[in-house]
Amino acid sequence: METVLSTHQLSKHYGRLKAVDKLDLTVPKGSVFGILGPNGSGKTTTLGMLLDVIQPTGGSYNWFDKPGSKEQRKKIGAILETPIFYPYLSAVKNLEVVALIKEVGPQRIPEVLKQVGLSERQNDKYRTYSLGMKQRLSIASALLCDPDVMILDEPTNGLDPQGIADIRSLIIDIARQGKTIVLASHLLDEVQKVCTDFAVLNKGSLIYTGKVEDVAKGESKVVVKAEVNLEPVLQKCPLVVDAKPVNNGRFEVSMAEGKTAIDLNRFLFDQKIVASHLETQTKSLEKQFLEILNQA
Ligand SMILES: Nc1ncnc2c1ncn2[C@@H]1O[C@H](COP(=O)(O)OP(=O)(O)OP(=O)(O)O)[C@@H](O)[C@H]1O
Ligand SMILES: [Mg+2]
């Protein structure tokens, strides 16, 4: 697995306030990496350090296995805060200005406008754009230099449901082209829908990192009922970590790692017991996220 970004004990302290504290992250190439955390947890500060606009007070980071440099910055497209566009200029004209500043040449302007779905409105003035269109123009601007990595801070903030859906599918589309994306969000479902990997920050500290799909697997819980008392059966079942009665003779069973309702059903059947109710309850990322936050 190729690594695009790694941070080592990366920290930013403001006096006694630890905005980011000893952060170790590894971002695999081609991933959509979500930095998830509540307001004030250090997401923007982290992205700011990675983009060299905030000076770390400790630790380090490597982009493409090398310490940050101007050369590498060119491979990174970023939207930290909404970039300033000229309200009276069109999308095309605004991107021409950006291209001049970034010294990249205007050839890619039609292509990036097409990718973000602004081609039809490309000659309209920026001030006539909706919030979602403005955000898409920001992304187009970050794409101009054909970066290997995109950094996005809360890319769907303030958008309506359609705008949110558009931006999310655009992000997935960009990732499909082989780009690595690092995005900060305080929204669980955003990370669930868009990201492949994620890290959870709380008060500046990393409290969890892993693959989104692994979290969805999680430890599964099964609710089971049979016409006989299941308590003694479940207690001696090696597949079961814990079983507690809920209601109407049902039991909520925590299954051993990797074991599912199918295994439990087979076990009961071998004991000549037929389940009259069997239901898997996979833990959602949301529930786990809240559990993670509560542990912190
Ligand atoms: N320049 C600064 N001086 C002092 N404290 C700061 C400064 N910038 C950020 N902080 C503090 O650092 C902490 C992390 O802030 P940060 O903006 O990184 O959080 P965030 O996760 O991006 O939050 P949000 O979801 O609200 O955008 C906060 O407690 C914030 O008040
Ligand atoms: Mg922020």
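The chain has a radius of gyration of 24 Å, whereas a compact globule of 296 residues would have one near 19 Å. That radius is taken over C-alpha atoms, and the globule rule is 2.2 Å times the number of residues to the power 0.38. The C-alpha trace spans about 75 × 45 × 35 Å along its principal axes.

This is a predicted model: local features need pLDDT of at least 70, side-chain atom pairs count only at pLDDT 80 or more, and totals for chains, interfaces and linings use all residues. Residues are numbered from 1 along each chain as its sequence is written, while chains are lettered from A and ligands numbered from 1 in the order in which they are written.

**Overall layout**

The chain is divided into domain 1 (3-215) and domain 2 (218-295). These bounds come from an automatic or database domain assignment. The centres of the two domains, taken over C-alpha atoms, are separated by 41 Å.

The secondary structure comes to 11 helices and 14 strands. Helices (H or I, at least four residues) and strands (E, at least two) are DSSP runs, numbered from the N terminus.

Buried residues make up 33% of the 296 residues. A residue is buried if 20 or more other C-beta atoms lie within 10 Å of its own, exposed if 12 or fewer, and partly exposed in between; the C-beta atoms are placed from the backbone. Of the contacts between residues at least 6 apart in sequence, 70% join residues at least 24 apart. A contact here means two C-beta atoms, placed from the backbone, within 7 Å.

Four strands form an open antiparallel sheet in the order 2-1-4-5. Strand 2 (17-28) and strand 5 stand at the edges with a single partner strand each, so one side of each has no neighbour in the sheet. Two strands pair if DSSP finds at least two bridges between them.

Strands 4 and 5 form a hairpin with two residues between them, and F64 in the turn has a positive phi of about 50°.

| Strands | Sense | Bridges |
|---|---|---|
| Strand 1 (residues 3-14) and strand 4 (residues 58-63) | antiparallel | five bridges |
| Strand 4 and strand 5 (residues 66-67) | antiparallel | two bridges |
| Strand 6 and strand 7 (residues 149-153) | parallel | four bridges |

Six strands form an open sheet in the order 6-7-8-3-9-10, with mixed pairing. Strand 6 (76-79) and strand 10 (205-211) are the edge strands, and each pairs on one side only. From one strand to the next, the twist averages 15°. The bridge partner of G77 is M150 in strand 7.

Helix 6 (residues 161-176) packs on the sheet and touches strand 3, strand 7 and strand 8. Its direction makes about 155° with that of strand 8. Such angles run from 0 to 180 degrees between N-to-C directions, and axes are lines fitted to C-alpha atoms, for helices over the stretch in contact.

Helix 1 lies across strand 3 (32-36), strand 7, strand 8 (180-185) and strand 9 (197-202). Helix 1 runs at about 150° to strand 7. Seven of the eight residues of helix 1 (residues 43-50) are buried, so this helix is largely enclosed by the rest of the structure. The buried residues are K43, T45, T46, L47, G48, M49 and L50. D52 follows helix 1 and has a positive phi, near 70°.

**A helix pair**

Helix 3 (residues 91-102) and helix 5 (residues 131-143) pack at an angle of about 35°, with their axes 10 Å apart. Helix 3 contributes A91, N94, L95 and V98 to the contact, and helix 5 contributes L137, A140 and S141.

**An exposed loop residue**

E257 sits in the loop between strand 13 (251-255) and helix 10 (261-270). E257 counts as exposed because 8 C-beta neighbours lie inside 10 Å. E257 and I35 are 222 residues apart in sequence and 27 Å apart in space, C-alpha to C-alpha.
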